[in-house]
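The sequence and structure come next.

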Amino acid sequence: MAQITTKELSALSDLLSMEKNMVAKYKAYACETTDTALKTEYQQIAQRHQRHLDELYANDTQFRASMDDDTMRLFRQYKLNGGQDDTW
């Protein structure tokens, strides 16, 4: 497998964050509504985003396996800083 770039890792991290937020939002919307049809729709959307999140986590694991030591060190630092590291 080809080495993943820091830009790709940053994009993957952004996608993971966005999907986590979408799952949380639609679960909250489903809890807040009293409309049964709307509740079902929100739950389905949350499930779809959960599947996206699961797929991204699987890819994240594959990508990490392809990293060299220096890239892995930077990735860990980036994750520890919540995606706010200037090196990315």
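## A histidine and its surroundings

In which helix is H49 found? H49 is part of helix 2, which covers residues 36-65; helices (H or I, at least four residues) and strands (E, at least two) are DSSP runs, numbered from the N terminus. The model is predicted: local features need pLDDT of at least 70, side-chain atom pairs count only at pLDDT 80 or more, and totals for chains, interfaces and linings use all residues. Residues are numbered from 1 along each chain as its sequence is written, and side-chain values use heavy atoms, with hydrogens and water left out.

H49 has a relative accessibility of 13% and therefore counts as buried (buried is under 20% relative accessible area, exposed over 50%, partly exposed in between, with a 1.4 Å probe and protein chains only). Not counting residues up to four places away in sequence, H49 touches E19, M22 and V23, where contact means heavy atoms within 4.5 Å. With E19, the link is a polar contact between the two side chains, at 2.6 Å. A polar contact is a pair of N or O atoms within 3.5 Å; within protein, one must be able to donate a hydrogen and the other to accept it, and residues adjacent in sequence count only if both atoms are side-chain atoms.

## Overall fold

The protein has 3 helices and 0 strands, in the order α-α-α from the N terminus. Of its 88 residues, 28% count as buried. Among contacts with a separation of 6 or more, 61% come from residues 24 or more positions apart.

The accessible surface is about 6,100 Å², and carbon and sulfur atoms account for 50% of this area. Accessible areas come from the Shrake-Rupley method with a 1.4 Å probe; for residues, only the protein chains shown count as cover.

## The nonpolar core

The largest nonpolar core consists of 5 residues: Y26, A30, Y42, I45 and A46. Such a core is a set of buried Ala, Val, Leu, Ile, Met, Phe, Trp, Tyr and Cys residues joined through side-chain atoms within 4.5 Å. Helix 1 (6-32) and helix 2 each supply at least two residues of this core, and helix 2 gives the most, with 3 residues.

Y26 counts as buried because its relative accessibility is 19%. Apart from neighbours within four places in sequence, Y26 is in contact with Y42, I45 and A46.

## Aromatic pairs

The model has 3 aromatic pairs; rings of Phe, Tyr and Trp (its six-membered ring) pair if their centres lie within 6.5 Å, and planes under 30 degrees apart count as stacked, over 60 as edge-to-face and the rest as tilted. One of them is the tilted pair of Y26 and Y42, with 5.8 Å centre to centre and 50° between the planes. Y26 lies in helix 1 and Y42 in helix 2, so this pair ties together parts 16 residues apart in sequence.

Y29 and Y42 have ring centres 5.4 Å apart and planes at 50°, so this pair is tilted. Here Y29 in helix 1 is linked to Y42 in helix 2, 13 residues apart. Y29 is partly exposed, with a relative accessible area of 34%. Y26, Y29 and Y42 form one aromatic cluster.

## The loop between helix 1 and helix 2

T33 sits in the loop between helix 1 and helix 2. Is T33 buried or exposed? With a relative accessibility of 15%, T33 counts as buried. Beyond its neighbours within four places in sequence, T33 is in contact with L38, K39 and Y42. A polar atom of the T33 side chain lies 3.2 Å from the backbone nitrogen of D35.
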